[in-house]
Amino acid sequence: MPRHRTTKSTHTRTKQQISRPAQKRPPLSEPKSESRKEDAQLIHDALRGNQGAYKRLLRKYHDQIFHLISRIVHDRVQVEDLTQETFVK
């Protein structure tokens, strides 16, 4: 019986498209419910103009959102623009 060879799909990407910032995650010791409560408070404060709360949300979620978008969009410039738009809106 002949063997079927599977070939991997190869995508040519430039170094600019592959290079991504390191992903940072919240500490594992923090329970999800506490994190959600903190996030809700940070969002509430950020919407009222608290720049510190906005910066904390940005630091916490920027890399995760960046990586999510980069799995869909393979152009680094577009990924950066879409990530920024996520936090502006």
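Biologist: T86 first. Is T86 buried, exposed or partly exposed?

Modeller: T86 is partly exposed in this predicted model. Its relative accessible area is 39%. The cut-offs explain the label: buried means under 20%, exposed means over 50%, and partly exposed is in between.

Biologist: Where does T86 lie?

Modeller: In helix α4, which covers residues 76–88.

Biologist: Which residues is T86 in contact with, leaving aside neighbours within four places in sequence?

Modeller: I65 and I69.

Biologist: And F66? How far apart are T86 and F66 in space?

Modeller: The distance is 9.7 Å, C-alpha to C-alpha. In sequence, T86 and F66 are 20 residues apart.

Biologist: What does T83 touch, not counting residues up to four places away?

Modeller: H62, I65, F66 and I69. I65 and I69 are also in contact with T86.

Biologist: What lies 2.8 Å from a polar atom of the T83 side chain?

Modeller: The backbone oxygen of V79.

Biologist: Which residues of α4 are buried?

Modeller: R76, V79, T83 and F87. They cover an arc of only 70° around the axis, so they sit on the same side of α4.

Biologist: Why would residues three or four places apart point the same way?

Modeller: Because an α-helix has 3.6 residues a turn.

Biologist: How far does α4 reach, first C-alpha to last?

Modeller: 18 Å, over 13 residues. That is close to the 18 Å expected at 1.5 Å a residue.

Biologist: What happens at the start of α4?

Modeller: A side-chain oxygen of D75 comes to within 3.1 Å of the backbone nitrogen of V77.

Biologist: Zooming out. How many helices and strands are in the protein?

Modeller: There are 4 helices and 0 strands. Along the sequence, the pattern reads α-α-α-α.

Biologist: What share of the residues is buried?

Modeller: Buried residues make up 18% of the 89 in the protein.

Biologist: And the accessible surface, what does it come to?

Modeller: About 7,900 Å². Carbon and sulfur atoms account for 53% of that.

Biologist: Last one, contacts. Of those between residues at least 6 apart in sequence, how many join residues at least 24 apart?

Modeller: 52% of them.

Conventions:
Residues numbered from 1 in each chain as written. Predicted model: local features only at pLDDT ≥ 70, side-chain atom pairs only at ≥ 80, totals over all residues. Heavy atoms only, no water. Helix = DSSP H or I, 4+ residues; strand = E, 2+ residues; numbered from the N terminus. Buried < 20%, exposed > 50% of the residue type's maximum accessible area, 1.4 Å probe, protein only. Contact = heavy atoms within 4.5 Å. Areas by Shrake-Rupley, 256 points an atom, 1.4 Å probe, with all protein chains shown as cover. Expected span 1.5 Å × (residues − 1). Arc of directions from axis to C-beta. Polar contact = N/O pair within 3.5 Å; in protein donor to acceptor, adjacent residues only side chain to side chain.
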